[in-house]
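Please look through the sequence and the model before reading on.

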Amino acid sequence: MQIKRYEVRSTQEALTKIKNDLGDDAVILSTKRLKGGKLPLLEVTAARDEDEKKISIHEASEKQKSEITIRPDFDAIRGELQDMKSLILDLRKEEPMRSELRQLKDYLVNFADVLGTWEKNLYPGAPSKIYYRLVANGVSRERAYKLVNTIDTIDSFDTTVKLLEDTITKTIPVTNKKKRKGIIAFVGPTGVGKTTTLAKLAAHYSMSEKLGVGLISADTYRIAAAEQLKTYARIMGLPIKVVSEKEEFRKALNLFSDKDLVLVDTPGKSRSDTGYTEKLRDFLNVGVPVETNLLLSVTTSRENMLDTSSRFGVVNYDNIIFTKLDEATGFGSMYDVIDHVGKPVSYLTNGQNVPSDIEEANPHRIAKLIMYQ
Ligand SMILES: Nc1nc2c(ncn2[C@@H]2O[C@H](COP(=O)(O)OP(=O)(O)OP(=O)(O)O)[C@@H](O)[C@H]2O)c(=O)[nH]1
Ligand SMILES: [Mg+2]
């Protein structure tokens, strides 16, 4: 904007001057009669809007550039803020549970930490040492705290450890059937040891227990998978059927109806394969009881085992088998899984050797693993 001040004798004189200087678009901002002179005098202030658009910032002189004010586009910013706000609100609407659960989890973890420290100060002896040992072994802080909280008599460290060992032993459910009979299926993620565990049990029950054993491989996704079991069957002299559909599975079961024990191998699939667990459930639903074992490798994280145990929930598995104990560094996570799943443990496997590297689940042995390793 260009502003000019004029001292004139009449309005007409002012208008002429303004028009000459500032052009037709000029406007009069104020008119004031000046006092003190012999002749009447007017002070007229006029202004003209300068056409700023004609000067591009590149063409402008340094002076002009310094005069150009960069005005932020508040309306645009306001609009963007509004968009962001509604986006956040929408996201909250979409997954309120997830974010709330996350908050709740963080809260619980912090809470358990605080309580752990508090407990340490309250009983500077055995319970706090046990709490930290359990956590170091892989038990979650929440469950370690709950366990330590069951100790009501404070004694020496060794006595207190023994007390807790007994408590844990009582909470571990196992399926300790001396002689297994019926149909037993093995399910779980890829590479956990389904086929190897099946082979170990096939060898044990056919050779040591002298049971009539039949093998079924439902793993037709990979040629090598069925071949792996066929090789074991050949070495052990056991009959085997490879099936890909439910009808074939039924026929194979009929064929093995004279067997004491039928062991069924299933394919492992990655978690990205949607619908896999549902298909597995439908496949195993053949109208006769199939005892299903979910295999979990202790070499994977606690979160991974918990997630897998939930994912396979649709299969409604009966037991858990923990595998690869020989390669794990801590066994505390088994406590979390058992506590979370509430299903019995049937076996523990501890090596690649068939048939030796397997043991029946024993609550006291599992409690010791959780507490001492
Ligand atoms: N260290 C160790 N290795 C094991 C154990 N059980 C199985 N394995 C090994 O883990 C690998 C995978 O075993 P598989 O029996 O083929 O696993 P799977 O679950 O049948 O795998 P998929 O059929 O591919 O889903 C092999 O190298 C086995 O020797 C165990 O208890 N300890
Ligand atoms: Mg396999």
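## A strand and a ligand

Valine 213 stands opposite leucine 261 in β7, where strands are DSSP runs (E, at least two residues) numbered from the N terminus, as helices are (H or I, at least four). The model is predicted, so that local features need pLDDT of at least 70 and side-chain atom pairs count only at pLDDT 80 or more, while totals for chains, interfaces and linings use all residues. Residues are numbered from 1 along each chain as its sequence is written, chains are lettered from A and ligands numbered from 1 in the order in which they are written, and side-chain values use heavy atoms, with hydrogens and water left out.

Strand β5 (residues 213-217) runs parallel to β7 and is joined to it by five bridges, and strand β4 (residues 182-187) is likewise parallel to β7, with five bridges; two strands pair if DSSP finds at least two bridges between them. In β7 (residues 261-265), five of five residues are buried, meaning under 20% relative accessible area (1.4 Å probe, protein chains only).

Ligand 1 is surrounded by 19 residues, the closest including Lys194 and Asp326, each with a heavy atom within 4 Å of the ligand. Its polar contacts, pairs of N or O atoms within 3.5 Å, include these:

| Residue and its atom | Ligand 1 atom | Distance |
|---|---|---|
| Glycine 191, backbone N or O | oxygen | 3.0 Å |
| Glutamine 228, side-chain N or O | oxygen | 3.2 Å |
| Aspartate 326, side-chain N or O | nitrogen | 2.8 Å |

Taken alone, ligand 1 exposes 650 Å², of which the protein buries 83%, with areas from the Shrake-Rupley method and a 1.4 Å probe.

Terms used:
Polar contact = N/O pair within 3.5 Å; in protein donor to acceptor, adjacent residues only side chain to side chain. Buried < 20%, exposed > 50% of the residue type's maximum accessible area, 1.4 Å probe, protein only.
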